[in-house]
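Here is a friendly walk through one protein model. Have the sequence and the 3D view open side by side as you read.

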Amino acid sequence: MANLLSIIRERTGDAPSPGQKRSLDSVEKAHRLGHATAQHKNLEEDSCPYRKTPHRECWLQAFRHARGREDAADNINRFGVPVCEWIAMAESDRQRIRLRGWYRRMKTNPLLLARHKAREAKVRVRIRERWRENPEPFRAKMREIYWADVETTRAKAREKYHRNLDKERARKHRSAMAKKAKREINRSPDQIFTLIDKAVPRALPGFARDEIVSSMCLAVLEGKLFIENIGQEARKYLAAYNREFDHFKTASLDTPVNGRDGTTFLDLLADESGGDR
(Lines give C-alpha, C1' and ligand atoms only; values in the text may rest on other atoms or scores of the structure.)
Protein backbone atom coordinates (compact mmCIF):
# COMPACT_ATOMS: atom_id res chain seq x y z
CA MET A 1 0.00 0.00 0.00
CA ALA A 2 1.15 3.48 -0.82
CA ASN A 3 2.08 5.86 1.94
CA LEU A 4 -0.66 8.35 2.83
CA LEU A 5 1.69 11.31 2.50
CA SER A 6 2.67 10.21 -1.01
CA ILE A 7 -1.02 10.08 -1.97
CA ILE A 8 -1.57 13.59 -0.61
CA ARG A 9 1.52 14.87 -2.45
CA GLU A 10 0.18 13.39 -5.70
CA ARG A 11 -3.09 15.23 -5.16
CA THR A 12 -1.38 18.56 -4.45
CA GLY A 13 0.93 18.28 -7.47
CA ASP A 14 4.54 19.28 -7.99
CA ALA A 15 3.82 22.99 -7.53
CA PRO A 16 1.14 23.25 -4.84
CA SER A 17 -0.68 26.49 -4.19
CA PRO A 18 -0.03 28.35 -0.91
CA GLY A 19 -3.17 26.85 0.61
CA GLN A 20 -2.23 23.32 -0.50
CA LYS A 21 1.29 23.82 0.82
CA ARG A 22 -0.01 24.84 4.26
CA SER A 23 -2.29 21.81 4.32
CA LEU A 24 0.57 19.49 3.29
CA ASP A 25 2.84 20.99 5.98
CA SER A 26 0.18 20.38 8.65
CA VAL A 27 -0.26 16.77 7.49
CA GLU A 28 3.50 16.19 7.62
CA LYS A 29 3.52 17.70 11.10
CA ALA A 30 0.82 15.20 12.14
CA HIS A 31 2.97 12.40 10.68
CA ARG A 32 6.01 13.54 12.69
CA LEU A 33 3.91 13.96 15.83
CA GLY A 34 2.57 10.43 15.52
CA HIS A 35 6.10 9.04 15.18
CA ALA A 36 7.26 11.03 18.23
CA THR A 37 4.26 9.92 20.31
CA ALA A 38 5.05 6.26 19.60
CA GLN A 39 8.35 6.64 21.46
CA HIS A 40 6.46 7.02 24.74
CA LYS A 41 5.57 3.53 25.92
CA ASN A 42 2.69 4.69 28.13
CA LEU A 43 0.75 6.32 25.26
CA GLU A 44 -1.62 4.51 22.88
CA GLU A 45 -3.69 5.33 19.81
CA ASP A 46 -6.45 6.99 21.82
CA SER A 47 -4.05 9.86 22.58
CA CYS A 48 -4.27 11.03 18.96
CA PRO A 49 -5.12 14.77 19.03
CA TYR A 50 -6.77 14.73 15.57
CA ARG A 51 -10.37 13.79 14.76
CA LYS A 52 -10.64 14.40 11.02
CA THR A 53 -8.96 13.06 7.91
CA PRO A 54 -6.28 13.15 6.60
CA HIS A 55 -4.41 14.28 9.74
CA ARG A 56 -5.72 11.46 11.93
CA GLU A 57 -4.86 8.75 9.36
CA CYS A 58 -1.34 10.10 8.89
CA TRP A 59 -0.80 10.31 12.69
CA LEU A 60 -2.04 6.69 13.13
CA GLN A 61 0.12 5.45 10.26
CA ALA A 62 3.27 6.96 11.74
CA PHE A 63 2.38 5.75 15.25
CA ARG A 64 1.74 2.15 14.14
CA HIS A 65 4.80 2.08 11.92
CA ALA A 66 7.02 3.22 14.79
CA ARG A 67 5.49 0.58 17.08
CA GLY A 68 6.16 -2.13 14.48
CA ARG A 69 2.49 -2.69 13.75
CA GLU A 70 0.74 -3.00 10.42
CA ASP A 71 0.62 -0.03 8.09
CA ALA A 72 -2.43 2.17 8.51
CA ALA A 73 -3.03 1.89 4.77
CA ASP A 74 -3.93 -1.78 5.29
CA ASN A 75 -6.54 -0.92 7.95
CA ILE A 76 -10.26 -0.81 7.28
CA ASN A 77 -12.09 2.25 8.55
CA ARG A 78 -15.56 2.19 10.10
CA PHE A 79 -17.16 2.38 6.63
CA GLY A 80 -15.42 -0.84 5.51
CA VAL A 81 -12.97 0.92 3.15
CA PRO A 82 -9.14 0.75 3.36
CA VAL A 83 -7.80 3.98 4.81
CA CYS A 84 -5.47 4.78 1.91
CA GLU A 85 -8.33 4.33 -0.58
CA TRP A 86 -10.54 6.55 1.55
CA ILE A 87 -7.92 9.32 1.43
CA ALA A 88 -7.66 9.09 -2.36
CA MET A 89 -11.45 9.12 -2.90
CA ALA A 90 -13.40 12.09 -4.14
CA GLU A 91 -15.75 13.66 -1.61
CA SER A 92 -18.83 12.57 -3.61
CA ASP A 93 -17.75 8.92 -3.37
CA ARG A 94 -17.16 9.29 0.38
CA GLN A 95 -20.62 10.79 0.85
CA ARG A 96 -22.17 7.90 -1.08
CA ILE A 97 -20.46 5.39 1.22
CA ARG A 98 -21.54 7.32 4.33
CA LEU A 99 -25.16 7.33 3.14
CA ARG A 100 -25.02 3.61 2.42
CA GLY A 101 -23.87 2.94 6.00
CA TRP A 102 -26.52 5.27 7.38
CA TYR A 103 -29.27 3.45 5.47
CA ARG A 104 -28.06 0.11 6.86
CA ARG A 105 -28.26 1.48 10.41
CA MET A 106 -31.64 3.05 9.73
CA LYS A 107 -33.22 -0.22 8.58
CA THR A 108 -32.28 -1.90 11.86
CA ASN A 109 -33.43 1.01 14.06
CA PRO A 110 -37.23 1.63 14.05
CA LEU A 111 -36.82 5.13 15.52
CA LEU A 112 -34.39 6.25 12.79
CA LEU A 113 -36.64 4.69 10.15
CA ALA A 114 -39.72 6.53 11.46
CA ARG A 115 -37.88 9.86 11.52
CA HIS A 116 -36.60 9.28 7.99
CA LYS A 117 -40.11 8.54 6.69
CA ALA A 118 -41.48 11.64 8.42
CA ARG A 119 -38.79 13.80 6.80
CA GLU A 120 -39.48 12.26 3.40
CA ALA A 121 -43.21 12.93 3.77
CA LYS A 122 -42.55 16.60 4.61
CA VAL A 123 -40.23 16.95 1.62
CA ARG A 124 -42.82 15.39 -0.72
CA VAL A 125 -45.51 17.79 0.53
CA ARG A 126 -43.19 20.79 0.10
CA ILE A 127 -42.23 19.73 -3.44
CA ARG A 128 -45.89 19.26 -4.43
CA GLU A 129 -46.74 22.73 -3.12
CA ARG A 130 -43.85 24.31 -5.01
CA TRP A 131 -44.78 22.33 -8.14
CA ARG A 132 -48.38 23.61 -8.00
CA GLU A 133 -47.20 27.19 -7.53
CA ASN A 134 -44.76 27.15 -10.45
CA PRO A 135 -44.37 23.85 -12.35
CA GLU A 136 -42.21 25.14 -15.21
CA PRO A 137 -38.80 25.08 -13.38
CA PHE A 138 -39.40 21.47 -12.36
CA ARG A 139 -40.33 20.47 -15.91
CA ALA A 140 -37.27 22.25 -17.28
CA LYS A 141 -35.04 20.42 -14.78
CA MET A 142 -36.58 17.06 -15.71
CA ARG A 143 -36.03 17.77 -19.40
CA GLU A 144 -32.41 18.74 -18.68
CA ILE A 145 -31.78 15.53 -16.74
CA TYR A 146 -33.44 13.46 -19.46
CA TRP A 147 -31.53 14.91 -22.39
CA ALA A 148 -28.19 15.06 -20.55
CA ASP A 149 -27.79 11.31 -21.04
CA VAL A 150 -30.85 10.18 -22.94
CA GLU A 151 -29.58 6.69 -23.83
CA THR A 152 -28.76 5.84 -20.21
CA THR A 153 -32.14 7.19 -19.08
CA ARG A 154 -33.99 5.10 -21.65
CA ALA A 155 -31.98 2.00 -20.76
CA LYS A 156 -32.84 2.45 -17.07
CA ALA A 157 -36.52 2.92 -17.97
CA ARG A 158 -36.53 -0.30 -20.02
CA GLU A 159 -34.78 -2.18 -17.19
CA LYS A 160 -37.30 -0.88 -14.65
CA TYR A 161 -40.21 -1.82 -16.93
CA HIS A 162 -39.04 -5.43 -17.35
CA ARG A 163 -38.20 -5.71 -13.64
CA ASN A 164 -41.78 -4.67 -12.71
CA LEU A 165 -43.55 -6.19 -15.69
CA ASP A 166 -46.67 -7.32 -13.79
CA LYS A 167 -47.16 -3.92 -12.13
CA GLU A 168 -46.67 -2.10 -15.43
CA ARG A 169 -49.22 -4.34 -17.17
CA ALA A 170 -51.72 -3.77 -14.35
CA ARG A 171 -51.16 -0.01 -14.59
CA LYS A 172 -51.73 -0.06 -18.36
CA HIS A 173 -54.87 -2.15 -17.85
CA ARG A 174 -56.27 0.35 -15.34
CA SER A 175 -55.48 3.23 -17.68
CA ALA A 176 -57.25 1.48 -20.57
CA MET A 177 -60.29 0.74 -18.39
CA ALA A 178 -60.48 4.37 -17.25
CA LYS A 179 -60.35 5.61 -20.87
CA LYS A 180 -63.04 3.12 -21.82
CA ALA A 181 -65.31 4.30 -18.97
CA LYS A 182 -64.92 7.94 -20.02
CA ARG A 183 -65.59 7.06 -23.64
CA GLU A 184 -68.70 4.99 -22.89
CA ILE A 185 -70.36 7.52 -20.57
CA ASN A 186 -69.81 10.27 -23.16
CA ARG A 187 -71.11 8.06 -25.97
CA SER A 188 -74.19 6.59 -24.19
CA PRO A 189 -74.82 8.32 -20.84
CA ASP A 190 -78.33 6.87 -20.47
CA GLN A 191 -77.04 3.31 -20.58
CA ILE A 192 -74.36 3.98 -17.93
CA PHE A 193 -76.91 5.82 -15.77
CA THR A 194 -79.22 2.79 -15.96
CA LEU A 195 -76.41 0.46 -14.82
CA ILE A 196 -75.60 2.72 -11.86
CA ASP A 197 -79.29 3.13 -10.97
CA LYS A 198 -79.75 -0.64 -10.82
CA ALA A 199 -76.64 -1.08 -8.63
CA VAL A 200 -77.86 1.37 -5.94
CA PRO A 201 -80.40 -0.16 -3.48
CA ARG A 202 -83.94 1.13 -3.98
CA ALA A 203 -84.73 0.87 -0.27
CA LEU A 204 -82.81 4.10 0.29
CA PRO A 205 -84.60 7.46 0.42
CA GLY A 206 -84.83 9.26 -2.90
CA PHE A 207 -82.49 12.10 -1.95
CA ALA A 208 -79.84 9.62 -0.77
CA ARG A 209 -80.10 7.52 -3.96
CA ASP A 210 -79.77 10.63 -6.12
CA GLU A 211 -76.65 11.72 -4.26
CA ILE A 212 -75.01 8.29 -4.53
CA VAL A 213 -75.89 7.91 -8.24
CA SER A 214 -74.49 11.39 -8.95
CA SER A 215 -71.21 10.62 -7.17
CA MET A 216 -70.86 7.33 -9.10
CA CYS A 217 -71.52 9.07 -12.43
CA LEU A 218 -68.88 11.66 -11.59
CA ALA A 219 -66.41 8.88 -10.69
CA VAL A 220 -67.00 7.25 -14.09
CA LEU A 221 -66.43 10.58 -15.84
CA GLU A 222 -63.15 11.04 -13.94
CA GLY A 223 -62.01 7.49 -14.71
CA LYS A 224 -62.03 6.42 -11.04
CA LEU A 225 -64.90 3.93 -11.45
CA PHE A 226 -64.79 1.31 -14.18
CA ILE A 227 -67.98 0.14 -15.90
CA GLU A 228 -67.23 -3.50 -15.07
CA ASN A 229 -66.99 -2.63 -11.33
CA ILE A 230 -70.17 -0.60 -10.94
CA GLY A 231 -72.09 -3.41 -9.21
CA GLN A 232 -69.22 -4.36 -6.87
CA GLU A 233 -68.29 -0.82 -5.80
CA ALA A 234 -71.79 0.59 -5.20
CA ARG A 235 -71.51 -0.44 -1.53
CA LYS A 236 -68.32 1.65 -1.20
CA TYR A 237 -70.09 4.82 -2.40
CA LEU A 238 -73.02 4.11 -0.08
CA ALA A 239 -70.62 3.88 2.88
CA ALA A 240 -68.94 7.13 1.81
CA TYR A 241 -72.34 8.86 1.71
CA ASN A 242 -73.21 7.61 5.21
CA ARG A 243 -69.88 8.83 6.59
CA GLU A 244 -70.26 12.23 4.96
CA PHE A 245 -73.77 12.95 6.27
CA ASP A 246 -73.40 11.11 9.60
CA HIS A 247 -76.36 8.77 9.35
CA PHE A 248 -75.03 6.94 12.40
CA LYS A 249 -76.03 9.94 14.55
CA THR A 250 -72.79 10.73 16.34
CA ALA A 251 -73.93 13.22 18.98
CA SER A 252 -71.94 16.10 20.40
CA LEU A 253 -71.68 16.51 24.19
CA ASP A 254 -72.96 20.08 23.77
CA THR A 255 -76.17 18.92 22.03
CA PRO A 256 -79.34 19.65 24.10
CA VAL A 257 -81.25 16.59 25.28
CA ASN A 258 -84.90 16.51 24.14
CA GLY A 259 -87.36 17.28 26.94
CA ARG A 260 -84.71 18.49 29.41
CA ASP A 261 -85.07 22.30 28.98
CA GLY A 262 -81.62 22.96 27.52
CA THR A 263 -79.76 20.29 29.46
CA THR A 264 -76.85 18.93 27.43
CA PHE A 265 -75.22 15.49 27.42
CA LEU A 266 -72.21 17.05 29.16
CA ASP A 267 -74.47 18.22 32.02
CA LEU A 268 -75.82 14.70 32.40
CA LEU A 269 -72.31 13.28 32.59
CA ALA A 270 -71.27 15.90 35.16
CA ASP A 271 -74.32 15.27 37.31
CA GLU A 272 -74.03 11.93 39.08
CA SER A 273 -77.85 11.71 39.45
CA GLY A 274 -78.55 12.57 35.85
CA GLY A 275 -79.66 9.08 34.93
CA ASP A 276 -82.24 8.90 37.75
CA ARG A 277 -84.34 11.93 36.73
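Predicted model: local features only at pLDDT ≥ 70, side-chain atom pairs only at ≥ 80, totals over all residues.

Residues are numbered from 1 along each chain as its sequence is written, and side-chain values use heavy atoms, with hydrogens and water left out.

Let's begin with helix α5, residues 91-108 (helices are DSSP runs of H or I with at least four residues, numbered from the N terminus). Arg94, Ile97, Gly101 and Met106 are the buried residues of α5 (buried is under 20% relative accessible area, exposed over 50%, partly exposed in between, with a 1.4 Å probe and protein chains only).

In helix α10, residues 189-199, the buried residues include Ile192, Ile196 and Asp197. These cover an arc of only 140° around the axis, which puts them on the same side of α10; the arc is that of the directions from the helix axis to the C-beta atoms. Turn to the other side of α10 and you find Asp190, Gln191 and Lys198 exposed.

Now for the rings. Rings of Phe, Tyr and Trp (its six-membered ring) pair if their centres lie within 6.5 Å, and planes under 30 degrees apart count as stacked, over 60 as edge-to-face and the rest as tilted. The count by this rule is 4 aromatic pairs, among them these:

| Pair | Centre to centre | Angle between planes | Class |
|---|---|---|---|
| Trp102 and Tyr103 | 5.4 Å | 80° | edge-to-face |
| Tyr146 and Trp147 | 5.1 Å | 90° | edge-to-face |

Tyr103 is partly exposed, with a relative accessible area of 34%.

Notes. Helix = DSSP H or I, 4+ residues; strand = E, 2+ residues; numbered from the N terminus. Expected span 1.5 Å × (residues − 1).
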